[in-house]
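Please read this report with the sequence and the structure side by side.

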2 protein chains.
Amino acid sequence: MADHRDALDDGSQSRELPGRRRRADAQRSVDALLLAAKEVFATSGVDAPVREIADKAGVGIGTLYRNFPQRADLVAAVFRREIDACADAAPLLAGKYAPGDALGRWLQRYAAFIATKRGLASVLHSGNPVFNSLPAYFDQRLQPALRSLLDAAVAAGDVRSDIEPDDLLTAVGRLSMQEHRGRPDHAERMVGLLIDGLRYRAGQASDPSSC
Amino acid sequence: MADHRDALDDGSQSRELPGRRRRADAQRSVDALLLAAKEVFATSGVDAPVREIADKAGVGIGTLYRNFPQRADLVAAVFRREIDACADAAPLLAGKYAPGDALGRWLQRYAAFIATKRGLASVLHSGNPVFNSLPAYFDQRLQPALRSLLDAAVAAGDVRSDIEPDDLLTAVGRLSMQEHRGRPDHAERMVGLLIDGLRYRAGQASDPSSC
DNA sequence: TTTTTATACGGAACATTGTTCCGCTTTGCA
DNA sequence: TGCAAAGCGGAACAATGTTCCGTATAAAAA
């Protein structure tokens with residue numbers, strides 16, 4: 001794998017230095033753009049005009065396009081950043097709460113991330129090759145994060161042991177993907193239910209013959 | 001209900017006549033536009049430029065906008081037409097095949113309709129008020145169509161009796177909504193499975209205590 | 001049939017938004 | 001401090017949704 005960088009310099013702090021250092025103002029621009037884009041996407045949706053983002057970031061459009069050759073590159077970069085933030089939250093929660101709690105809180109955080117991403121689904125199915133690597137990135141970052149929480153919770157006897165990270169990510173994702181008719185808290189409640197379900201048979205192994 | 005006509009003259013043949021008849025060329029334009037739009041949407045997706053549609057229909061852009069004040073109105077009209085066609089297929093199939101067969105064929109036809117509608121989901125969740133009435137229209141037209149097939153199949157002893165039209169429409173819709181990784185026939189096979197499932201307990205009523 | 005008139009038509013023009021280009025500025029290094 | 005590479009801003013271009021209006025025509029009236 002490791003191809004999640006194809007054709008896209010998303011302008012993180014990393015950069016091979018072929019002689020000269022990355023200029024400080026360029027890094028500032030990228031940071032400002034990613035921050036502004038995240039806010040604008042949250043407010044106006046992922047279809048917001050690029051100019052609005054450039055304005056909010058306090059840079060020119062040229063600068064935006066220098067760092068993100070296409071609009072879609074900016075969108076993908078913002079998603080990657082938020083995926084990273086979500087994955088990075090796992091060890092933090094693990095250090096702060098009991099294993100079962102940490103797992104529950106992280107799943108709710110993941111659900112919240114999905115829920116705010118109106119347009120994530122459309123973007124993923126848009127056919128634009130820029131987004132091709134996003135699903136893999138999702139798995140690559142989130143599965144290990146969740147697995148560590150899940151393993152710890154199982155080891156602590158807080159939750160059952162017959163569930164895979166992949167199942168949970170998919171289920172929570174689908175539950176949170178789109179708001180149910182007029183019930184803004186629907187996803188949160190359903191995910192809560194799921195978490196309780198995990199706790200229900202804590203300590204038991206899977207038993208395929210039970211009905 | 002019956003409010004699925006809000007703010008939208010989709011230009012079907014119906015029209016209250018306040019003194020003068022609807023001009024024949026106008027009706028021709030609408031027909032040509034709907035036909036062209038259907039084809040263009042199928043080929044290039046629902047994001048295709050309006051000019052392309054107008055050209056294919058052999059009319060000017062002005063004519064397009066006279067009949068469909070917004071792009072979205074045209075999209076909605078095309079969807080309504082296809083929903084109608086799908087619903088209307090039910091009695092035809094019912095007259096031609098045995099009840100169980102008719103049901104199965106109709107479900108596959110519905111699945112095919114959903115499958116070709118890349119962008120249907122995005123459109124429905126776009127927030128554009130023009131599409132607000134579409135989900136209701138779906139239910140209003142398709143549920144009765146399916147119910148008649150389902151009732152007939154149950155009465156003939158071809159399928160089980162504990163399934164509601166709504167459940168089936170939703171399930172088939174979700175199975176067909178998006179192509180599974182590289183398997184174009186995935187939806188069709190899964191829907192086939194579902195139909196076999198319907199047949200499996202033909203003649204039996206629902207029995208919640210069986211395991 | 002001819003005249004009249006409301007209706008419809010076509011497409012130029014306008015508005016919005018993604019993208020490119022390039023002259024000017026700033027930064028990093030010697 | 002001087003200089004070259006890197007970066008910046010925004011005008012200009014391109015694609016596309018939408019509006020406007022002079023012209024054409026179908027339907028009704030004469």
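Which residue forms a salt bridge with B:Arg147? The partner is B:Glu164, and the closest N and O atoms of the two are 3.7 Å apart. B:Arg147 lies in helix H7 (residues 134-155) of chain B and B:Glu164 in the loop between H7 and helix H8 (165-177), so the pair ties together parts of the chain that are 17 residues apart in sequence. B:Arg147 counts as partly exposed, at 35% relative accessibility. B:Glu164 is partly exposed too, with a relative accessible area of 42%. The model is a predicted one, and every value in this report is computed from it.

**Salt bridges**

Over all chains, the count comes to 16 salt bridges. Three of them are set out below.

| Salt bridge | Distance, N to O |
|---|---|
| A:Lys56 and A:Glu39 | 3.4 Å |
| A:Asp88 and A:Arg141 | 3.3 Å |
| B:Arg147 and B:Glu164 | 3.7 Å |

A:Lys56 and A:Glu39 form a salt bridge within chain A.

The side chains of A:Asp88 and A:Arg141 meet in another salt bridge. Because A:Asp88 lies in helix H4 of chain A and A:Arg141 in helix H7 of chain A, the pair ties together parts that are 53 residues apart in sequence. A:Asp88 is partly exposed at 41% relative accessibility, and A:Arg141 is partly exposed at 24%. A:Asp84 joins A:Asp88 and A:Arg141 in a network of salt bridges.

**Helix H1 of chain A**

H1(A) has 21 residues. From its first C-alpha to its last the helix reaches 30 Å, close to the 30 Å expected at 1.5 Å a residue. Among its buried residues are A:Val30, A:Leu33, A:Leu34, A:Ala37 and A:Phe41. An α-helix has 3.6 residues a turn, so residues three or four places apart point the same way. The buried residues of H1(A) pack against H2, H3 and helix H4 (71-96) of chain A. After the helix comes A:Gly45, which has a positive phi, near 85°.

**The surface near DNA strand D**

How many residues surround DNA strand D? There are 28, and the closest are A:Arg23, A:Ser29, A:Gly62, A:Thr63 and B:Arg51. By class, this surface has ten nonpolar, seven polar and eleven charged residues. H3(A) gives the most to the surface near DNA strand D, with five residues. Of the atoms of DNA strand D within 4 Å of the protein, 61% belong to sugar or phosphate, and the rest belong to bases.

A polar side-chain atom of A:Ser29 lies 2.4 Å from a phosphate oxygen of DNA strand D. A:Ser29 is also one of the buried residues of H1(A). From chain B, a polar side-chain atom of B:Tyr65 is 2.8 Å from a phosphate oxygen of DNA strand D. B:Val50 uses its backbone instead, with an N or O atom 2.8 Å from a phosphate oxygen of DNA strand D.

**The surface near DNA strand C**

DNA strand C is surrounded by 28 residues, the closest being A:Arg51, B:Arg23, B:Ser29, B:Gly62 and B:Thr63. The residues near DNA strand C divide into ten nonpolar, seven polar and eleven charged. Which helix gives the most to the surface near DNA strand C? That helix is H3(B), with five residues. Sugar or phosphate accounts for 58% of the atoms of DNA strand C within 4 Å of the protein, and bases for the rest.

One contact here reaches a base: an N or O atom in the side chain of A:Arg51 is 2.5 Å from a base nitrogen of DNA strand C. A polar backbone atom of A:Arg71 is 2.9 Å from a phosphate oxygen of DNA strand C. B:Arg66 places a polar side-chain atom 3.4 Å from a phosphate oxygen of DNA strand C.

Terms used: Residues numbered from 1 in each chain as written. Chains lettered and ligands numbered in written order. Predicted model: local features only at pLDDT ≥ 70, side-chain atom pairs only at ≥ 80, totals over all residues. Heavy atoms only, no water. Near = heavy atom within 4 Å. Polar contact = N/O pair within 3.5 Å; in protein donor to acceptor, adjacent residues only side chain to side chain. Helix = DSSP H or I, 4+ residues; strand = E, 2+ residues; numbered from the N terminus. Nonpolar A, V, L, I, M, F, W, Y, C, P; charged D, E, K, R; others polar. Expected span 1.5 Å × (residues − 1). Buried < 20%, exposed > 50% of the residue type's maximum accessible area, 1.4 Å probe, protein only. Contact = heavy atoms within 4.5 Å. Salt bridge = Lys/Arg side-chain N within 4 Å of Asp/Glu carboxyl O.
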